[in-house]
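This report covers the overall dimensions of one chain and then the surroundings of a single residue.

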Amino acid sequence: MADYSVTPWEVKGDVDYDRLVRDFGTSYIDQSLMNRVEKHTGKPHFMLKRKVFFSHRDFNWILDKYEKDEKFFLYTGRGPSGDTHLGHLLPWIFTQYLQEKFGVELYFQITDDEKYMHDRSLTRKQVSDFSYENILDIIALGFDPDKTFIFKNTEYIKTMYKISTDIAKHVTFSTAKSIFGFQNSSNIGMIFFPSLQAATCFLPSELKGKNIPCLIPAAIDQDDYWRGIAREIAPKLGYYKPAQIHSKFLPALQRGEKMSASKPNTAIFTTDEPEVAEKKIKSAFTGGRDTVEEHRKHGGNPDIDSAFQYLYMILEEDDKKIEEIERDYRAGNLLSGELKQIAAEKIKIFLKEHQRKRESAKKTFDKFILRD
Ligand code: TYM
């Protein structure tokens, strides 16, 4: 048994990404795929080069289609259970890059139904407020207002319901149980819910009356929906199977967990005051040694250092700078406190800028919302 688990609702333990590739039957993003992306984008995103996005299904097929003038659409989403944290931004920043470079549409699903039903303590009002706040974060990342369609399930249900019921009709309770671990105590809303998350894979095809390839950038925790439901059902309904590109998880401030909105003390939120975020980074789990002498002698371990991982996975785009930081840290020339200071400065600049863009997103909000 693995001593970790990765499901849409919980990620626990030290994730073994190689094992996930085997267990989920996905493929690594290799150099030849990266070269192909480079051909279309000019330069592969640092998250690809650094293997933050490390795995895929059918991305080659998406590019085959694209090269034959059959454009794909992007699909990703958010379950509004709390404020947005840095981990959520990771796949969205990459999605924005894909949209810009390939000039494609994005459908962004807000699963306000899922979070309301999953967490008994969340009220309708809270979920609705989080939806609004989360959407501001999405818009702030610079998506194209003419090509981006954000919808909340509870509002857009008239269109979604037909596709969802087409899917649900083909999924037995026993299949849903084995994929998602539902039990007798699970509420019936959650048992139906996967058909709604799968439905968006086919939404543009339904809206436009022709098959359109779908590419889903997300962390690998969402894979159950695609592997277990959407890709199984697609051929039965005459749709293309959706393709995926998977990221790793941005770690928590503490060791051995992913950053998670349901555990607020693990996360840096987009709404944190920059000085609060600085304090959080300073208290984050370190790969440094116990004493300066030991650190100078043996060096630090950036692989388990949360501050380094924030720089590597999301904050420091400059390859030269990140290589230098990594080298100095491993060699013991850069102390843990100094590394944290570098990360703190970066995050403060990032948050100030993001919070400004978030504020102006209030003015363009309506342009992004898809309605029946
Ligand atoms: P949610 O709200 O849990 O997560 C939103 C997105 O953030 C990713 N994510 C992370 N990525 C990197 N590091 C982390 N620590 C981290 N935590 C979360 C998730 O993989 C996801 O991409 N049911 C979904 C909403 C949804 C969706 C989708 C997500 C509906 N349709 C299509 C992705 C693609 C949810 O609750 O996501």
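What radius of gyration does the chain of 372 residues have, and what would a compact globule have? The model is predicted. The chain has a radius of gyration of 21 Å, which agrees with the value near 21 Å for a compact globule of 372 residues. Along the principal axes, its C-alpha atoms fill a box of roughly 65 × 50 × 50 Å.

**Whole chain**

The secondary structure consists of 17 helices and nine strands. Of the contacts between residues at least 6 apart in sequence, 79% join residues at least 24 apart.

| Property of the chain | Value |
|---|---|
| Buried residues | 54% of the 372 residues |
| Accessible surface | about 16,900 Å² |
| Share of accessible surface from carbon and sulfur atoms | 49% |
| Positive side chains | 56 |
| Negative side chains | 56 |
| Separation of the centres of the two charge sets | 2 Å |

Is L33 buried or exposed? Its relative accessibility is 0%, so L33 counts as buried, the cut-off for buried being under 20%. L33 belongs to helix 2, which spans residues 31–41.

Which residues does L33 touch, leaving aside its neighbours within four places in sequence? L33 is in contact with H56, F59, N60 and L63. One of these contacts, N60, lies 27 residues from L33 along the chain, and the C-alpha atoms of L33 and N60 are separated by 7.0 Å.

Notes: Residues numbered from 1 in each chain as written. Predicted model: local features only at pLDDT ≥ 70, side-chain atom pairs only at ≥ 80, totals over all residues. Heavy atoms only, no water. Helix = DSSP H or I, 4+ residues; strand = E, 2+ residues; numbered from the N terminus. Buried < 20%, exposed > 50% of the residue type's maximum accessible area, 1.4 Å probe, protein only. Contact = heavy atoms within 4.5 Å. Rg over C-alpha atoms; globule rule 2.2 N^0.38 Å. Areas by Shrake-Rupley, 256 points an atom, 1.4 Å probe, with all protein chains shown as cover. Lys, Arg positive; Asp, Glu negative; His and termini not counted. Charge placed at Lys NZ, Arg CZ, Asp CG, Glu CD.
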